Amino acid sequence: MILNNSPISQFEYKNRTFFVKRDDLLDKNFNGNKARKLACYLEHDFQEIDTIISYGGNQSNLMYSLSCLAKLKNWQFIYYTRSLSKTVKNNKYSNLELSIKNGMQLIELGNEYSQFTSNLTTTPNQLIIHQGALQKEAEYGIKQLAAEINTWAELNHLENINVFLPSGTGTTAFFLQKYLDKHKVITTNCVGSRDYLIEQMNSINCNNSQLPFIFDNQQYRFATPYKELLNLILEINKVSQIEFDLIYDPVGWKILLENLKTIKGTILYLHCGGLTGNYSMLQRYNYLNNKSATS
Ligand SMILES: *Cc1c(COP(=O)(O)O)cnc(C)c1O
């Protein structure tokens, strides 16, 4: 199983060269920034642990990666989410279906979800992974990712490169900036406001490290189908010959391109994987198309 040293490819678009760090190519089932965030658990022994407890969205990429981790480790995996609609439950080839196939035990909570998940307690055999893995254990694998980028820049005599990625919790962007001290990490908020992203990053910022630079996304709501974003990502898929994810990357590329003129020098786009979620997101697009799409 390959969990580090992902390749870097490149393509030309809008008269610029974009390098892409291909973390989508790590392992088929365990890739992207989730593989980096969870590397610490995969590479170390946790003898007392036999169960993972986590919670969050019902199509989360992290949920799916945790189901793969649990399977590899021979651990149980319990996942709490809000009550699911029939459509979500019957969704084929979704992260939810794949996770359940991997043995995930899904527990749906109603109104008590927020209260319950903010007060989770565990026994010594249980490992808690918070929503989005916004926790310091993620640092281990992201430090390795930063080391790979530093080495690549050095070998190619590139100074002050710009590493761009779209953010959910900001965990990846935050730890990357911490270890890419000669380079600039740029991100955008895909979940919630820019202020909310800063708040989340500060919750893991113990040593007052510099935060990544954030382009403010004020327009696009999380996991919502926008026709213009689908068109853009399909175009980028075609030009680059790379398949990007349909939740974070459309917003990421849109905001990056809008701000392209302000970025001087080399751009390295971090592909954060997540392609298993594309099938269900495309279905949402198709559903909307049949009604009339947001745009
Ligand atoms: C989880 C995820 C992100 C966001 O990662 P954070 O560290 O939470 O900011 C971005 N892109 C993809 C494809 C993801 O799966």
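In which helix is Leu 38 found? Leu 38 is found in helix H1, and in this predicted model that helix gives the most to the shell around the ligand, with three residues.

**The ligand and its surroundings**

- The shell around the ligand holds 15 residues, of which Lys 34, Asn 61, Gly 168, Thr 169 and Thr 172 come nearest.
- By class, this shell is made up of nine polar, three charged and three nonpolar residues.
- Three elements, namely helix H1 (32-43), strand E7 (162-167) and helix H7 (171-179), each supply at least two residues of the shell.

- Leu 38 counts as buried because its relative accessibility is 0%, where the cut-off for buried is under 20%.
- Leaving aside residues up to four places away in sequence, Leu 38 touches Phe 30, Leu 62, Ser 65, Leu 66 and Leu 69.
- Leu 62, Ser 65, Leu 66 and Leu 69 are also among the buried residues of H2, and H1 is included in what covers the buried residues of that helix.
- Between Leu 38 and Ala 153 the separation is 115 residues in sequence and 25 Å in space, taken from C-alpha to C-alpha.

**Helix H2**

- Helix H2 (residues 61-73) has 13 residues and reaches 18 Å from its first C-alpha to its last, close to the 18 Å expected at 1.5 Å a residue.
- This helix is mostly covered, with eleven of its 13 residues buried, and besides H1 the cover includes strand E3 (51-55), strand E4 (76-82), helix H4 (95-101) and strand E6 (126-129).
- At the start of H2, the backbone nitrogen of Leu 62 has a side-chain oxygen of Ser 60 within 3.0 Å, while Asn 74, which follows the helix, has a positive phi near 65°.

**Helix H6**

- The 17 residues of helix H6 (residues 139-155) should span 24 Å at 1.5 Å a residue, and the end C-alpha atoms are 24 Å apart, so the two values agree.
- Its buried residues are Glu 139, Gly 141, Ile 142, Leu 145, Ala 146, Glu 148, Ile 149, Trp 152 and Ala 153.
- These buried residues pack against strand E1 (8-13), strand E2 (16-22), H1, E7, H7 and strand E10 (267-271).
- Just after H6, His 157 takes a positive phi of about 55°.

- Asn 5, in the segment before E1, is a residue other than glycine with a positive phi near 55°, and it counts as exposed because its relative accessibility is 55%.
- Lys 14, in the loop between E1 and E2, has a positive phi of about 50° although it is not a glycine, and its relative accessible area of 54% makes it exposed.

Notes. Residues are numbered from 1 along each chain as its sequence is written. This is a predicted model: local features need pLDDT of at least 70, side-chain atom pairs count only at pLDDT 80 or more; totals for chains, interfaces and linings use all residues. Side-chain values use heavy atoms; hydrogens and water are left out. A residue is near a molecule or strand if one of its heavy atoms lies within 4 Å of it. Helices (H or I, at least four residues) and strands (E, at least two) are DSSP runs, numbered from the N terminus. Ala, Val, Leu, Ile, Met, Phe, Trp, Tyr, Cys and Pro count as nonpolar, Asp, Glu, Lys and Arg as charged, and the others, Gly among them, as polar. The expected span of a helix is 1.5 Å times one less than its number of residues. Buried means under 20% relative accessible area, exposed over 50%, partly exposed in between (1.4 Å probe, protein chains only). Contact means heavy atoms within 4.5 Å. A polar contact is a pair of N or O atoms within 3.5 Å; within protein, one must be able to donate a hydrogen and the other to accept it, and residues adjacent in sequence count only if both atoms are side-chain atoms.
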